[in-house]
Amino acid sequence: MGSAWLSRSIRSLILTVLCFLTSATTLLKSENVGCDEYLGSDKVVDKCGMCGGDNTSCKVVSGIFKDSLSSVGYHKIIEIPEGATKINVTEMAKSRNYLALRCRSGRSVINGNWAIDRPGKYEGGGTMFTYKRPNEIRSTAGESFSAEGPTNEALDVFMIYQQSNPGVQYEYILPNVNVVSPLLPPSIRPGKTETFQHLT
């Protein structure tokens, strides 16, 4: 009799433990874990990369380069400042133009010196850029490059102009302490672009 009672007690204890573990697992699965790694926290990373932030510690810089160009060659269209993150530069439609990227130090990153690079990953400005050029036959999308950043130096974006500019969208994020407008070089008047025949 004592043995039977002990056996029932052990089974009851095992069932109790299993029920507890099942309930605890269900509770854990239903609870969120925030970016602060606390159970039940609803904190998320904002667009500035801050856990629980309110998107005020950074500045999103974006725009569209729509200027008409006339001469074939490299035309500087935008500057990406040092410290930029979440960088994206994209042609708005497929064209025979190409995007090019050069570090302020003078080193070409993508499509320099009239050499068109294959789509892929290219290091520049302290970050890794992903260069995409959709299939020319099936896709109507333009080419693009993007990077997580942050950049450790300023970079210049060029268009290798060969036909009418379909427009180039750009966006990057800067910390508020370094907020600047996307400026063209001071020597370039509104509506004008700087022309380079070669990138090295």
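This note sets out, point by point, the main features of a predicted model.

1. The open sheet. Six strands make up an open sheet, and their order is β1-β10-β3-β8-β7-β6. The pairing within this sheet is antiparallel. Its edges are formed by β1 (58-65) and β6 (120-124), each of which pairs on one side only. On average, and with direction ignored, neighbouring strands of the sheet are turned by 15 degrees against each other.

2. Strand β3 covers residues 85-91 and strand β8 covers residues 144-147; the two are joined in the antiparallel sense over 4 bridges. Within this pairing, N88 stands opposite S146 of β8.

3. K86 and E148 form a salt bridge, with their closest N and O atoms 2.7 Å apart. The pair links distant parts of the chain: K86 belongs to strand β3, while E148 lies in the loop between β8 and β9, and the two are 62 residues apart. K86 counts as partly exposed because its relative accessibility is 41%.

4. Strand β9 and its cover. Which residues of β9 lie on each side of the strand, and are they buried or exposed? L155, V157, M159 and Y161 lie on one side, D156, F158 and I160 lie on the other, and all of them are buried. In a regular strand, side chains alternate between the two faces of the sheet. For β9, which spans residues 155-161, the count is 7 buried residues of 7.

5. The partners of strand β9. Strand β2 runs antiparallel to β9, and 7 bridges join the two. One of the pairs across them is Y74 with I160, its bridge partner in β9. Strand β4 (residues 98-103) also pairs with β9 in the antiparallel sense, here over 6 bridges. In this second pairing C103 stands opposite L155. C103 counts as buried because its relative accessibility is 1%, under the 20% cut-off.

6. K76 in strand β2. Is this lysine buried or exposed? K76, found in strand β2 (residues 73-80), counts as buried because its relative accessibility is 7%. Its side chain makes a polar contact of 3.2 Å with the side chain of D156. The side chain of K76 also meets that of E79 in a salt bridge, at 3.9 Å from N to O. Both K76 and E79 are buried.

7. I77 is found in strand β2. I77 counts as buried because its relative accessibility is 3%.

8. Salt bridges across the structure. How many salt bridges does a search of the whole structure find? The search finds 6. Side chains of opposite charge can pair when their charged atoms come close. One of the salt bridges is that of R107 with E123, whose closest N and O atoms are 3.2 Å apart. This pair links distant parts of the chain, 16 residues apart: R107 is in the loop between β4 and β5 (108-110), and E123 is in strand β6. R107 counts as partly exposed because its relative accessibility is 39%, and E123 counts as partly exposed because its value is 40%.

9. The disulfide. The count of disulfides comes to 1. C35 and C51 are the residues joined, with an S to S distance of 1.9 Å. Both cysteines are in the loop between α1 (2-30) and β1, 16 residues apart. A disulfide is a covalent bond between the sulfur atoms of two cysteines. The link of C35 and C51 is right-handed, with 95 degrees about the S-S bond. C35 is partly exposed because its relative accessible area is 30%. C51 is likewise partly exposed, with a relative accessible area of 37%.

How values were computed:
Residues numbered from 1 in each chain as written. Predicted model: local features only at pLDDT ≥ 70, side-chain atom pairs only at ≥ 80, totals over all residues. Heavy atoms only, no water. Pairing = 2+ DSSP bridges. Axes fitted to C-alpha atoms, helices over the stretch in contact; angles between N-to-C directions. Buried < 20%, exposed > 50% of the residue type's maximum accessible area, 1.4 Å probe, protein only. Polar contact = N/O pair within 3.5 Å; in protein donor to acceptor, adjacent residues only side chain to side chain. Disulfide = S-S within 2.5 Å. Salt bridge = Lys/Arg side-chain N within 4 Å of Asp/Glu carboxyl O.
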